Amino acid sequence: MEKKRNVALITGQIANFYREQRRMPSYAEMMEILGVRSKSVVHFWVNRLIEEGVLIRDGKGHLLPARQTFSLALAGEIQAGFPTPAEEELRDVISLDEYLINRPDSSFLLKVSGDSMIGEGIRENDLVIVERGRTANNGDIVLAEVDGNWTMKYFTQIGGDVFLKSANPKYPTIRPQNELRLGGVVVAVIRKYHR
């Protein structure tokens, strides 16, 4: 548990630098971040973070985050009903990328405009993660080009007929007249409450 805490702490310190500077720290800067005087200690922690899957080296040997975001501490669970005592003990470390994205090479973000999916809890200015190449099943939320216009709706297929339904009763069901092209399936929604 102590090793996991140390990895999480150091990951957090490097992640803070990365977020503020928009680049990875140099070895000299890591010495300052970690509060050590030896590059060999930095080298040890770099190798440890590579083993843990936090960092990777690119083709030129430069350090990069293994994912686009760093991990955050998972502090426990919270009930959405009656309150329970909050757990302060560190339980685990979780990467938001790993939690939200199964296929990073096939996924992209879109910013939502409009309120046609409000009944699903998808609001204007939310971000959705869309996965390309995934087979759409009935009930999935899809990104679709219908007769030249892009939209995000529930996917429904009955026999050979496809319908795109909104999650807001003020919008009609869409039935493609000429062309339907699926751009991907929505796999996650991200909302930032404070900007």
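Trainee: What makes strand β7 and strand β8 a pair, and in which sense do they run?
Mentor: This is a predicted model. Two strands pair if DSSP finds at least two bridges between them. Strand β7 (residues 141–146) and strand β8 (residues 149–158) share 6 bridges, so they pair. Their sense is antiparallel.

Trainee: Which residues stand opposite each other there?
Mentor: Ala 144 faces Thr 151 in β8. Glu 145 has Trp 150 in β8 as its bridge partner.

Trainee: Is Asp 147 buried or exposed, or in between?
Mentor: Its relative accessibility is 31%. Buried means under 20% and exposed means over 50%. Asp 147 falls in between, so it counts as partly exposed.

Trainee: How do you know that β8 also pairs with β9?
Mentor: Count the bridges again. At least two are needed, and 5 join β8 to strand β9 (residues 161–165), so these strands pair. They run antiparallel. Phe 155 stands opposite Leu 164 in β9. This hairpin has 2 residues between the strands, and Gly 159 takes a positive phi near 65°.

Trainee: Where do these strands sit in the sheet?
Mentor: The open sheet has 6 strands, in the order β5-β6-β10-β7-β8-β9. The pairing is antiparallel.

Trainee: What makes β5 and β9 edge strands?
Mentor: Each pairs on one side only. β5 covers 107–111. From one strand to the next, the twist averages 45°.

Trainee: Why is the contact of Glu 145 and Arg 181 called a salt bridge?
Mentor: The cut-off is 4 Å, from a side-chain nitrogen of Lys or Arg to a carboxyl oxygen of Asp or Glu. Here the closest N and O atoms are 2.7 Å apart, so the pair qualifies.

Trainee: Which parts of the chain does this pair tie together?
Mentor: Glu 145 lies in strand β7 and Arg 181 in strand β10. These parts are 36 residues apart in sequence.

Trainee: Why is Glu 145 called buried?
Mentor: Its relative accessible area is 13%. Arg 181 has 44% and is partly exposed.

Trainee: How do you know that Asp 161 and Arg 175 form a salt bridge?
Mentor: Their side chains meet at 3.0 Å, N to O. That is within 4 Å, so the pair counts. Asp 161 is in strand β9, and Arg 175 is in the loop between β9 and β10, 14 residues apart. Asp 161 has 33% relative accessibility and counts as partly exposed. Arg 175, at 44%, also counts as partly exposed.

Trainee: What joins Arg 103, Glu 131 and Arg 134 into one network?
Mentor: Salt bridges that share partners do.

Trainee: How many salt bridges does the structure hold?
Mentor: It holds 8. Among them is the one between Arg 23 and Glu 29, at 2.8 Å, N to O.

Trainee: How many aromatic pairs does a search of the whole structure find?
Mentor: It finds 1 aromatic pair. The rings belong to Phe 44 and Trp 45.

Trainee: Why is that pair called edge-to-face?
Mentor: Check the centres, then the planes. The centres are 5.2 Å apart, within the 6.5 Å cut-off, so the rings pair. The planes are at 80°. Over 60 counts as edge-to-face, so that is the label.

Trainee: Where is Asn 125, and what is its phi?
Mentor: Asn 125 is in the loop between β5 and β6 (127–131). Its phi is positive, about 75°, although it is not a glycine. At 39% relative accessibility, Asn 125 counts as partly exposed.

Trainee: Which residues make a nonpolar surface patch?
Mentor: Leu 109, Leu 127 and Ile 190 make one of about 220 Å². Ile 190 is found in strand β10 (residues 180–190).

Conventions
Residues are numbered from 1 along each chain as its sequence is written. This is a predicted model: local features need pLDDT of at least 70, side-chain atom pairs count only at pLDDT 80 or more; totals for chains, interfaces and linings use all residues. Side-chain values use heavy atoms; hydrogens and water are left out. Helices (H or I, at least four residues) and strands (E, at least two) are DSSP runs, numbered from the N terminus. Patches are made of residues with over 30% relative accessible area and no salt bridge: like charges are joined within 9 Å, nonpolar side chains (Val, Leu, Ile, Met, Phe, Trp, Tyr) within 5 Å. Accessible areas come from the Shrake-Rupley method with a 1.4 Å probe; for residues, only the protein chains shown count as cover. Rings of Phe, Tyr and Trp (its six-membered ring) pair if their centres lie within 6.5 Å; planes under 30 degrees apart count as stacked, over 60 as edge-to-face and the rest as tilted. Axes are lines fitted to C-alpha atoms, for helices over the stretch in contact, and angles run from 0 to 180 degrees between N-to-C directions. Buried means under 20% relative accessible area, exposed over 50%, partly exposed in between (1.4 Å probe, protein chains only).
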